[in-house]
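Subject: Structure handover

Hi,

Here's the structure I said I'd pass along. Have a look at it first, and then read on for what turned up.

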Amino acid sequence: MAGSTVTGDRFRSPRPEDLDAAARHLYDAITSGPRASGDQPFPLAAPDGSLHGPFGPMLLQPGVGSALQDLGAAIRYRGHLSDREREIAILAVAAATDSAFEAWAHERVAATIGMEPDELAAIADGTFAGVGERERWCGEVPGRLVRERALSDAEFAAAAAALGEADLLELVVLVGYYSTLALVMDVFGVGPPDDSPATDH
């Protein structure tokens, strides 16, 4: 389980003053972009400026990290899935990969768009039915792809009928992106901030 392997001892996110020019450019893109605008459901950075979650490891390799964070920004801010559909899918990836940080962060994002604690609990335990077929597939596809890495012909046909092929593509890419973040955080031992309160469902 990912939660049992996160110790916080493997990696310490660098402070802004410790970054070279390329890493600082990426840091500024993350902290001044759309993630940092408006009310923040969760803090991007600690008081010393070091970044929480997957963003700290991204700074190690700015060429790769820049592309990765831009893909994430495209998924969150330039895609066609609704806010609810996107957060359902992200939280379903978090549940399937046992990603403590993504669950912690995106339960807070989901709450800001009006999702209820019982909905969040249902996504976490795999019983989420959703409102309509689009939400149902946004909740089901991530777990199936994480576990089986494919959809059957029947599943593909049903998901494409509900979402359309373009939005299904977006959903598949979302699953790949957040699964990658979960893998990065597992390997580098990154979890929620140490002083973060537990989320109540």
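A quick definition to begin with: a residue is buried under 20% relative accessible area, exposed over 50%, and partly exposed in between, using a 1.4 Å probe and protein chains only. Helices are DSSP runs of H or I with at least four residues, strands are runs of E with at least two, and both are numbered from the N terminus.

Please keep in mind that this is a predicted model: local features need pLDDT of at least 70 and side-chain atom pairs count only at pLDDT 80 or more, while totals for chains, interfaces and linings use all residues. Residues are numbered from 1 along each chain as its sequence is written, and side-chain values use heavy atoms, with hydrogens and water left out.

**Helix α7**

Let's start with α7, which covers residues 117–125 and has E119, L120, A122 and I123 as its buried residues. Looking down the axis of α7, those buried residues fall within an arc of 160°, so they line one face of the helix. (The arc is taken over the directions from the helix axis to the C-beta atoms.) D118 and D125 are exposed on the other side of α7. What do the buried residues of α7 pack against? They pack against α5 (83–97) and α6 (100–112), where contact means heavy atoms within 4.5 Å. Just after α7 comes G126, with a positive phi of about 80°.

**Cavities**

Searching the whole structure gives two cavities of 30 Å³ or more. A cavity here is a set of points, on a 1 Å grid over the protein atoms alone, where a 1.4 Å probe fits but cannot get out; lining residues have an atom within 4 Å of a point. Grid points are joined across faces, edges and corners, and the volume is the space filled by probe spheres set on the points.

The largest cavity has a volume of about 80 Å³. Its lining is made up of R35, F42, P54, F55, R76, F101, E102, A105, H106, Y177, Y178 and L181. By class, the lining has eight nonpolar, one polar and three charged residues.

One of the lining residues, A105, lies in helix α6 and counts as buried at 0% relative accessibility. The C-alpha atoms of A105 and L91 are 14 residues apart along the chain and separated by 9.4 Å.

**The core**

The largest nonpolar core has 48 residues, and L171, L174 and Y178 are those with the most contacts inside it. (A nonpolar core is a set of buried Ala, Val, Leu, Ile, Met, Phe, Trp, Tyr and Cys residues joined through side-chain atoms within 4.5 Å.) α10 gives the most to this core, with eight residues.

Leaving out residues up to four places away in sequence, Y178 touches I75, R76, I90, V93, E102 and H106. V93 lies in helix α5 and is buried, at 1% relative accessibility. V93 and G79 are 14 residues apart along the chain, with 17 Å between their C-alpha atoms.

Most residues other than glycine have a negative phi. Which phi does D98 have? The phi of D98 is near 55°, a positive value in a residue other than glycine. D98 sits in the loop between α5 and α6 and is partly exposed at 26% relative accessibility.

R149 is not a glycine either, yet has a positive phi of about 60°. You'll find R149 in the loop between α8 (132–148) and α9 (153–163), where R149 is exposed, with a relative accessible area of 73%.

**Two more residues**

R136 lies in helix α8 and counts as partly exposed at 25% relative accessibility. Not counting residues up to four places away in sequence, R136 touches A129 and G130. R136 and P62 are 74 residues apart in sequence and 36 Å apart in space, C-alpha to C-alpha.

L60 is in the loop between α3 (55–58) and α4 (62–77). L60 touches F11 and F188, again not counting residues up to four places away in sequence.

Cheers

Notes
1 Å grid on protein atoms, 1.4 Å probe; cavity = no way out; pocket = protein on both sides within 12 Å on 5 of 7 lines; lining within 4 Å. Nonpolar A, V, L, I, M, F, W, Y, C, P; charged D, E, K, R; others polar.
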